[in-house]
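The sequence and structure are shown below.

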Amino acid sequence: MWIKLKSNYKIEKGGKMVQRVAGDWIKVGKQEAGLLIAQNRAELPGQDVIREFAGGGKDAGILALGSPVAAALVLEELKGKLNVKYGDSSPWLPWEKTIIWDTGVILRTEMIPTGLGLLDMWQIAMPLWDKYSLAIHEGDEDDREQTKAIVRDLRVPLYDTRLIYARECDEIKQLFAQWSTEREKGESIRLAFLRAFYQVKPLMLALPITWTGQYIDSDR
Amino acid sequence: MRGAVYVAYGEAARSEAVESIASLRAHNDLPVFCISDVKLDIEIDGCCIGFPGGKGARWAKLQAEAFVQDWDQFVYIDADTRIRCDITAGFDILDDGWDIAMTPSANQDDDAFWHIGDGEMSATLNEIGNPYPLQLQCGMMFVQRNEQTEELYARWRDEWVKWHDQDQAAFIRALHQCPVKLWLLGRPWNGGAVIAHRFGAIRRRG
């Protein structure tokens, strides 16, 4: 994994030890990364959520969908520092920057400042659903047919609708309204999102599945 | 007007480009423009031989949009590809209002940007402020000519000359400076049933 050095450090490169300096990013194994972070010699920017949100989280918050109990457990460390609201399955935008989180998926709290920062440039940022599934593998035949009629080709990735970083703007409001309309037309929430996204076309930054922790416990 | 752009520097790349263009024409009626060091052994609709600057194939690739200014839409295709079917849907997606349609790379998470040097990768992560960006595969891109994509290409060139190496990290930096409406296609479009990609067959640095 990539981490950012806070002090000078030597790494092996092509059989030789090479000096890297504070501010450099280095790619190391997870154990070495964990050790360096624990020793305060490196950081994964955003890991100190409380510090980064101090004074900066007033116009941002998390809209937690799903289990309030599960959400409260995960969000304990953010208590008093970041706004939290609970809702049903309908996304909306309580703040200038909103994280819409379904408690059924891992929320990497250390990535929250990074994700909110991305909204300075992008209107919405979402991870992909998984590495291999495409729209052609999703939903029933009718759902796929109506989706293909809009997006033209179903050999496209799906977005993970359980984690959405969204900026309050007309495009995202329109996206959510269209998504709501599309959800009434078929069973698949992800195909409905794809149809709405295709029609509204907000500035979307797609993120890898790493953002929902799908690789975190692997040995890759 | 729509067309396809290739870049082929070196004998292996030219040979691959000839095969790819033949496969494209087997399923699509598109004009082809190629930037190369030596003329291809196949008739095409337009070419630039020996693009000046001495920066090689990648620099030529980043000029692609400037060479086909009379095309409203183009698809850039790496030479080491084989087109397996009609790719009209890629252009139709641009007709619908998207600026670019391309695929994510198969290499993500710890494998992402494996081919980018440590120095450039460190600078890239610092600049975009995101330790986990989605790596995009720039070997096949449908591009709509407009103000946004011309700006993106200009930024891409600006970013590439900072390191003079691969182009994908430079693209990510450019994209973070100049967001566009980007529609993601799936693996079949770049490494599968629509466009097969012989990744690495002609890899060269610079």
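Predicted model: local features only at pLDDT ≥ 70, side-chain atom pairs only at ≥ 80, totals over all residues.

## Helix packing in chain A

Helix H6 of chain A spans residues 170–183 and helix H7 of chain A residues 189–200; their axes come within 8 Å and cross at roughly 135°. Axes are lines fitted to C-alpha atoms, for helices over the stretch in contact, with angles from 0 to 180 degrees between N-to-C directions. H6(A) and H7(A) are therefore oblique to each other (under 35 degrees counts as roughly parallel, over 145 as roughly antiparallel, 65 to 115 as roughly perpendicular, and the rest as oblique). Helices (H or I, at least four residues) and strands (E, at least two) are DSSP runs numbered from the N terminus.

The contact (heavy atoms within 4.5 Å) involves, among others, A:Leu175, A:Trp179 and A:Glu182 of H6(A), and A:Phe193, A:Arg195 and A:Phe197 of H7(A). By class, the contact of H6(A) with H7(A) comprises eight nonpolar, three polar and four charged residues. Ala, Val, Leu, Ile, Met, Phe, Trp, Tyr, Cys and Pro count as nonpolar, Asp, Glu, Lys and Arg as charged, and the others, Gly among them, as polar.

## Helix packing in chain B

In chain B, the axes of helix H6 (residues 147–160) and helix H7 (residues 168–177) come within 8 Å and cross at roughly 135°. H6(B) and H7(B) are therefore oblique to each other, and the crossing is right-handed. Contact residues include B:Trp156 and B:Trp160 of H6(B), together with B:Phe171 and B:Leu175 of H7(B). The contact of H6(B) with H7(B) divides into seven nonpolar, one polar and three charged residues.

Helix H5 of chain B (residues 118–128) also packs on H7(B): their axes come within 10 Å and cross at roughly 15°. That angle makes H5(B) roughly parallel to H7(B). The crossing of H5(B) and H7(B) is left-handed. Among the contact residues are B:Glu120 and B:Ile128 of H5(B), and B:Ile172 and B:His176 of H7(B). Four nonpolar, three polar and three charged residues make up the contact of H5(B) with H7(B).

## Cavities

The structure holds two cavities of 30 Å³ or more. On a 1 Å grid over the protein atoms alone, a cavity is a set of points where a 1.4 Å probe fits but cannot get out, whereas a pocket is an open set with protein on both sides within 12 Å along at least five of seven lines; lining residues have an atom within 4 Å of a point. Points are joined across faces, edges and corners, and a volume is the space filled by probe spheres set on them.

The largest cavity contains about 120 Å³ of space. Its lining has 13 residues, with A:Leu205, A:Ala206, B:Leu136, B:Leu175 and B:Leu182 nearest its centre. Strand S11 (204–207) of chain A, and H7 and strand S8 (182–184) of chain B, each supply at least two lining residues. The lining of the largest cavity divides into 12 nonpolar, one polar and no charged residues.

## Second largest pocket

The second largest pocket has a volume of about 300 Å³. It is lined by 18 residues, of which A:Asp130, A:Lys131, A:Tyr132, B:Pro104 and B:Ser105 are closest to its centre. This lining comprises 10 nonpolar, five polar and three charged residues.

## Conventions

Residues are numbered from 1 along each chain as its sequence is written, and chains are lettered from A and ligands numbered from 1 in the order in which they are written. Local features need pLDDT of at least 70 and side-chain atom pairs count only at pLDDT 80 or more, while totals for chains, interfaces and linings use all residues; side-chain values use heavy atoms, with hydrogens and water left out.

Methods: Left-handed = near helix turned anticlockwise from the far one by under 90°.
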